[in-house]
Amino acid sequence: MKKLVFFCTLAAFALAGCDKDKDGDAPSPKVITAANVGGDIQGVHQVGIDLKGPGAVKAASAASIAVRADFVNGGFSLTLPAPLNDAYLATISAMFDGDDMSGLSISDAKVKVYGIDEEEFYAFDDSNTGIGNVYYGKGNDWAVGTARVGFIYVDRAVTLTGVVKKTKGTDDTFALDLKKGWNITHRERKADVSGREQFTISTTFETTGLLWKIIGKDSRTHF
């Protein structure tokens, strides 16, 4: 998946505003607050992400939102916009195009999603040039036990459970209970099975050992 209990407050990782919206109501923006960010912070001016519609790779005119937050005193507060319109969303089957979804159960096949994986937040210098990646997680080089936090937006409440066998040789086991709007996800590397890399993606996870770090271009594999 483009590269998930929901917590209102996490140590060094806070989301402002626990939604109590009914499924028919518009979801609220989500605020990601990070303090004491470690790693390659020299020269970092802002932190952010470019949200792009499914056609962004092929068409320069595709929907795009540049989300930025100033990096101040070793931290930042970044707001993910909501609601997202259909120009940014894709079906589950489109996200897993070409992969074996036969082992995946989806409670509502009409759901549309936007996924943010652990490699899509960037650090920018004062000229808006990307100088590294921003991670919240633990572990190194995706060895067994490595974990990263991501986000997924859904246009309705939905659950995803089961396994997707990807053509690139990985098996992703999902245990997602998603509310309408933005959700936190947790991806963890497990021991290989029959030569295939194994990952779990869940909305229920422990925060022990998870840290914010900025990984510069020259050392981005080391967390």
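This is a predicted model: local features need pLDDT of at least 70, side-chain atom pairs count only at pLDDT 80 or more; totals for chains, interfaces and linings use all residues.

Tutor: What follows is a set of questions about the labels, each answered from a value and a cut-off.

Student: Why is Ala123 called buried?

Tutor: Buried means under 20% relative accessible area. Ala123 has 0%, so Ala123 is buried. Ala123 sits in strand 11.

Student: What does Ala123 touch, leaving aside its neighbours within four places in sequence?

Tutor: Its contacts include Val44, Gln46, Gly130, Val134 and Ile214. His45 is 78 residues from Ala123 in sequence, yet their C-alpha atoms are 7.5 Å apart.

Student: How do you know whether Thr170 is buried or exposed?

Tutor: Take its relative accessible area, 5%. The limit for buried is under 20%, so Thr170 is buried. Thr170 lies in strand 15, residues 170-178. Beyond four places in sequence, Thr170 contacts Val164, Lys165, Arg196, Glu197 and Phe199.

Student: Why is Asn128 called partly exposed?

Tutor: Exposed needs over 50%, and buried needs under 20%. Asn128 has 44%, so Asn128 counts as partly exposed. Asn128 is in the loop between strand 11 (122-124) and strand 12 (130-138). Its phi is near 65°, a positive value in a residue other than glycine.

Student: What label does Ser194 get for accessibility?

Tutor: The relative accessible area of Ser194 is 76%. The cut-off is over 50%, so Ser194 is exposed. Ser194 is in the loop between strand 16 (181-193) and strand 17 (196-202). Its phi is positive too, near 50°.

Student: What kind of peptide bond joins Ala82 and Pro83?

Tutor: A cis bond, with omega about -5°. Pro83 is in the loop between strand 7 (76-80) and strand 8 (90-91).

Student: What makes Phe121 and Phe151 an edge-to-face pair?

Tutor: Two tests. Ring centres must lie within 6.5 Å, and planes must be over 60 degrees apart. Phe121 and Phe151 show 6.0 Å and 75°, so the pair is edge-to-face. Phe121 is in the loop between strand 10 (112-116) and strand 11, while Phe151 is in strand 13 (residues 147-154). Phe121 is buried at 5%, and Phe151 is buried at 2%.

Student: How do you know the geometry of Tyr153 and Trp182?

Tutor: Apply those two tests again. Their ring centres are 5.2 Å apart, with 70° between the planes, which is edge-to-face. Tyr153 lies in strand 13 and Trp182 in strand 16, so the pair ties together parts 29 residues apart in sequence.

Student: Which residues touch the most other members of the largest nonpolar core?

Tutor: Phe76, Tyr114, Ile116 and Trp182, out of 32 residues. A second, separate core has 18 residues, including Phe96 and Trp142.

Student: What makes Arg187 a charge over a ring?

Tutor: CZ of Arg must be within 6 Å of the ring centre and within 35 degrees of the ring normal. Arg187 lies over the face of Phe199, at 4.2 Å from the ring centre. Arg148 lies over the face of Tyr135, at 4.9 Å.

Technical notes
Residues are numbered from 1 along each chain as its sequence is written. Side-chain values use heavy atoms; hydrogens and water are left out. Helices (H or I, at least four residues) and strands (E, at least two) are DSSP runs, numbered from the N terminus. Buried means under 20% relative accessible area, exposed over 50%, partly exposed in between (1.4 Å probe, protein chains only). Contact means heavy atoms within 4.5 Å. A nonpolar core is a set of buried Ala, Val, Leu, Ile, Met, Phe, Trp, Tyr and Cys residues joined through side-chain atoms within 4.5 Å. Rings of Phe, Tyr and Trp (its six-membered ring) pair if their centres lie within 6.5 Å; planes under 30 degrees apart count as stacked, over 60 as edge-to-face and the rest as tilted.
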